[in-house]
Amino acid sequence: MAETIFDKIINREIPADIVYEDDQSLAFKDINPQAPVHLLIIPKVRIATINDLKDDQETLIGHLFTVARDLAREMGFDESGYRVVMNCGEQAGQTVFHIHLH
């Protein structure tokens, strides 16, 4: 599988404005934001699409949403509301084939 831009960010081969990192995930600001706060939250293990998820990765996906919740709290917009989106496949608008939450 060819390396994605997210692999390069994880490996620090290209810069990103990282706002959070732990052993399972990385969150950074989108370079083409579509909202006042537009973050991408990715697992450090590459999973191309939702369709490629394995049953044993359920906890990892839950972790990504927990990171989204925590970042919303830290940035002060958890109470006012926010949207979390994950596209699956080209027809749905997925452009980087490494799952990620917007």
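I take helices (H or I, at least four residues) and strands (E, at least two) as DSSP runs, numbered from the N terminus. The model is predicted, so I ask for pLDDT of at least 70 for local features and count side-chain atom pairs only at pLDDT 80 or more, while totals for chains, interfaces and linings use all residues. I number residues from 1 along each chain as its sequence is written, and side-chain values use heavy atoms, with hydrogens and water left out.

**Entry: the start of the chain**

I began with Met1, which sits in the segment before helix 1. For accessibility I use these classes: buried is under 20% relative accessible area, exposed is over 50%, and partly exposed lies in between (1.4 Å probe, protein chains only). Met1 has a relative accessible area of 80%, so I log Met1 as exposed. I also checked Met1 against His63: they are 62 residues apart in sequence, and their C-alpha atoms are 25 Å apart in space.

**Entry: salt bridges**

How many salt bridges does a search of the whole structure find? I get five, with a salt bridge meaning a side-chain nitrogen of Lys or Arg within 4 Å of a carboxyl oxygen of Asp or Glu.

One of them pairs Arg46 with Asp7, and the closest N and O atoms are 2.7 Å apart. This pair links distant parts of the chain, 39 residues apart: Arg46 is in the loop between strand 3 (39-43) and helix 2 (58-75), and Asp7 is in helix 1 (residues 5-10). Is Asp7 buried or exposed? Asp7 is buried, because its relative accessibility is 10%. Arg46, at 23%, goes down as partly exposed.

Next I looked at Glu21. Arg12 makes a salt bridge with Glu21, with 2.5 Å between the closest N and O atoms. Lys44 also meets Glu21 in a salt bridge, at 2.7 Å, N to O. The Lys44 pair links distant parts of the chain, 23 residues apart, with Lys44 in the loop between strand 3 and helix 2 and Glu21 in strand 1 (residues 18-21). On accessibility, Arg12 is partly exposed at 46%, Glu21 is partly exposed at 35%, and Lys44 is partly exposed at 27%.

**Entry: helix 2**

I checked the length of helix 2.

Which residues of helix 2 are buried? I list Leu60, Ile61, His63, Leu64, Val67, Ala68, Leu71 and Ala72. An α-helix has 3.6 residues a turn, so residues three or four places apart point the same way. The cover over the buried residues of helix 2 includes strand 1, strand 2 (25-29) and strand 3. Just after helix 2, I find Gly76 with a positive phi of about 80 degrees.

**Entry: after helix 2**

Tyr82 is in the segment after helix 2 and is partly exposed at 39% relative accessibility.

Asn87 is in the segment after helix 2 as well, and at 22% relative accessibility I count Asn87 as partly exposed. What does Asn87 touch, not counting residues up to four places away in sequence? I find Ala92, Gly93, Gln94 and His102, where contact means heavy atoms within 4.5 Å. Asn87 and Phe97 are ten residues apart in sequence, and 9.8 Å apart in space from C-alpha to C-alpha.
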